[in-house]
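Please consult the sequence and the model shown below while reading.

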Amino acid sequence: MKRIAVIGGTGMNQWPGLDIQSKQDVLTPYGPASAPLLHGQINGHPVCFLARHGEGHRLPPHKINYRANLWALRHAGMEQVIAIAAVGGIAEWFAPGEIALPRDVVDYTWGREHTYSDGSPGTEVHHAEFTFPYSPAMREALFAAAAAAEVIVSGAGIMGVTQGPRLESPAEIQRMRTDGCDMVGMTGMPEAALASELGLEYACIAVSVNWGAGIGTGGIHDEIAASIERGMLKVQGALARYLAMASIRA
Ligand code: HPA
């Protein structure tokens, strides 16, 4: 069976139901990962969990050491990474409380350490292919797992990733819509690109927790409070089934 890791974000900084068997602090050339890797089981199926924002959710999106996180997972022998991301919905079909499996990404972030191919001595410049930011095979298996768990996935869509930590202005959301974005988050990049550079299979389950700025009628923080738990329960249902199905495939 492939070794599977889950990176949990806002709303899933911990994984209720994860039976933790060991904690691993990985020393990386890039500094510390956000948190120790938690090796454990969900319903008897092995999985490794990493809290993207650190214990106690102390790291804002632009301060997360994405290079250390992905390097630590690779070093620990992980082969697949499922990233969980709370996002704002831009497309009409992606209302708060719904989940999606993005198929592509637009990167609006800046100033983040975003590559391992950084020209440091002894490294070669490598132009990593990024034609499939999210593994088609993993997405297919995630769609199947969600269906088997009777969890509705609203669609696929394109993820736009902004710098944060502030939310966007309505004009910024309009621009993203024009660019083709269906959702907006703050942590999807450089995470996806770094996974690709390391040869990790990577997919994302996005949870809409609010409407992008200027779309909804209510306050964004009220929308988040009302929807985040519902969305994360769907994620956890789909993940549990994904792990069970992965162990059958193996
Ligand atoms: N914008 C950016 N990131 C987000 C949002 C949003 O509206 N909601 C959750 N993460």
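A disulfide is a pair of cysteine sulfur atoms within 2.5 Å. By that criterion, a search of the whole structure finds 0 disulfides. The model is predicted: local features need pLDDT of at least 70, side-chain atom pairs count only at pLDDT 80 or more, and totals for chains, interfaces and linings use all residues. Residues are numbered from 1 along each chain as its sequence is written, and side-chain values use heavy atoms, with hydrogens and water left out.

**Cysteines**

- For C48, the closest cysteine sulfur is that of C204, at 17 Å, which is too far for a bond.
- C181 likewise takes part in no disulfide, the nearest cysteine sulfur, in C204, being 13 Å away.
- C48 has a relative accessible area of 1% and is buried (under 20% relative accessible area; exposed is over 50% and partly exposed in between, with a 1.4 Å probe and protein chains only).
- C181 is also buried, at 3% relative accessibility.

- Because Y30 lies in the loop between β2 (19–24) and β3 (37–42) and Y116 in the loop between β7 (104–107) and α2 (136–148), the pair ties together parts 86 residues apart in sequence; helices (H or I, at least four residues) and strands (E, at least two) are DSSP runs, numbered from the N terminus.
- Y30 is partly exposed at 26% relative accessibility, whereas Y116 is buried at 11%.
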